[in-house]
Amino acid sequence: MTSSPPDPQHSQSHGHSHSHSHSHSHGPAVPVSRHLRRVIAAVLIPFATAVVVGLLVLWPGSAPGHERTGVGFDRQTEEATVTRVDKVDCKEVNAAQVPPTGDTSTPQGREAVKARQGECGKAEIKVTSGKNAGRVFTEIVQPDASRQLKQGQEVVVAFAPDAPRELQYAVIDVDRTIPMALLAGIFALSVVLVGRMRGVMALIALIASFAVLTLFILPAILEGSNPLIVAVVGSSAIMLIALYTCHGLTARTSVAVLGTLVSLMLIGLLGSVFIGWAVLSGNTDDNTGLIHGLYPNIDMSGLLLASIIIGSLGVLDDVTVTQTSAVWELRQADPDMGPKELYRAGIRIGRDHIASVVNTLVLAYAGAALPLLLLFSIAQSSVGTVANSEVVAAEIVRTLVGSIGLVASVPVTTALAALVVSADRPAGRPAGSPAAAVAGAGAGGSTGFSAGFSAGAEGGARQGGRTGLGGKGRRRKK
């Protein structure tokens with residue numbers, strides 16, 4: 001024999017790998033054994049069924065009606081356009097009155113004096129929506145107002161039907177529909193251009209998440225359902241929809257779902273304990289006070305816990321998917337790695353992820369509460385006083401409980417992924433055999449094929465005395 005025919009297993013493996021990489025463009029994923037698929041299904045199918053049942057049982061008919069208070073967001077609003085703006089002396093339009101006592105030493109007195117100086121804006125505004133469309137009213141804008149009006153500007157006006165005719169309308173905000181819609185379009189386009197089909201699926205999952213939030217979670221809480229139960233059911237639905245839509249119905253995604261579920265349970269438990277221990281009512285600002293006034297049956301502390309769970313979900317998805325993907329890729333790079341080695345390598349990646357994610361979460365909450373922190377700084381309050389106030393303590397509990405859940409998700413998800421992916425070794429086949437190379441190719445695409453076939457070739461050389469090219473072996477045969 002002067003030559004050896006091509007290895008049919010090699011050709012078959014290469015062809016299978018090629019077709020696999022094209023049919024699953026979202027990336028290779030090592031499948032698990034049938035037994036483990038059944039175990040995962042035995043856990044997730046009842047969980048998904050319970051979520052569906054929870055959605056059906058708690059699904060709200062409609063939010064209970066109430067009489068508008070005209071306070072904050074609870075106002076009737078309409079659209080309007082600024083048709084004209086004239087400059088007038090503030091004294092002529094009586095922009096502000098000095099206190100009756102004549103005391104200008106107080107901040108209110110000094111502001112009143114300042115408001116009477118300079119030129120004010122006298123804006124004519126035309127209502128463009130509602131039953132009073134076409135009505136024109138006048139509004140005075142002081143020179144130091146944070147929001148100045150200009151001709152042609154689209155605005156939002158509040159309508160108070162019980163007020164005198166000349167006081168029924170007032171500008172409360174600017175109409176930002178066009179810039180916000182344009183920004184959303186740029187975001188969607190960027191996601192699709194970079195993420196391709198995966199980006200499209202991510203946008204679909206995002207729309208579905210907002211649908212669950214606006215159609216189920218918010219109305220169910222307003223209807224009087226327990227905020228914690230609603231948050232758990234709604235968050236679970238969002239998690240299942242988002243993860244499986246973006247990453248496919250695979251064992252790898254199922255492991256990420258399990259890791260996220262365990263972490264959410266931990267966050268819910270810790271949040272419930274510390275919200276009760278710290279006696280946090282959840283009623284900390286004008287908005288929560290208005291909600292409690294309109295719907296006194298809502299459990300505000302439960303609403304705080306629900307917000308912690310929902311707020312942590314997005315970052316949890318990122319951590320768990322990253323950890324499962326890391327373990328799967330490590331397994332494909334070295335099929336001989338056992339569960340302990342996979343866990344140790346995956347947890348090293350997770351430590352870097354923990355450091356960045358926790359810092360991100362803390363800074364996100366700090367950025368949202370920056371005006372409040374500035375007020376405490378102006379008041380020269382001590383750190384202990386600031387931390388002890390309920391409005392700050394609620395944010396501290398929110399941040400720390402969410403961070404603990406994120407930290408716990410790394411070892412939990414890594415351990416689950418290592419155990420699941422390690423169980424994929426075919427029974428009765430050594431790790432270095434050519435048959436294992438074929439299995440590796442079928443399991444992981446071109447990457448799994450390369451690693452598996454290299455190991456198989458080396459094993460064949462040791463067993464049969466031939467190299468991958470077969471040169472020396474052929475000479476000895478002659």
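Analyst: Happy to. Contact here means heavy atoms within 4.5 Å. This is a predicted model, in which local features need pLDDT of at least 70, side-chain atom pairs count only at pLDDT 80 or more, and totals for chains, interfaces and linings use all residues. Residues are numbered from 1 along each chain as its sequence is written, and side-chain values use heavy atoms, with hydrogens and water left out.

User: Which residues is F216 in contact with, leaving aside its neighbours within four places in sequence?

Analyst: They are L55, L58, W59, P60, A211, V230, V233 and G234. F216 and M239 have the most contacts inside the largest nonpolar core, which has 60 residues. Such a core is a set of buried Ala, Val, Leu, Ile, Met, Phe, Trp, Tyr and Cys residues joined through side-chain atoms within 4.5 Å.

User: What makes C90 and C120 a disulfide?

Analyst: A disulfide is a pair of cysteine sulfur atoms within 2.5 Å. C90 and C120 have an S to S distance of 2.0 Å, so the pair qualifies. By this rule the count comes to one disulfide.

User: Why is the disulfide of C90 and C120 called right-handed?

Analyst: The torsion about its S-S bond is about 110°, so the disulfide is right-handed.

User: Are C90 and C246 buried or exposed?

Analyst: Buried means under 20% relative accessible area, exposed over 50%, and partly exposed in between (1.4 Å probe, protein chains only). C90 has 0%, so C90 is buried. C246 has 15%, so C246 is buried too.
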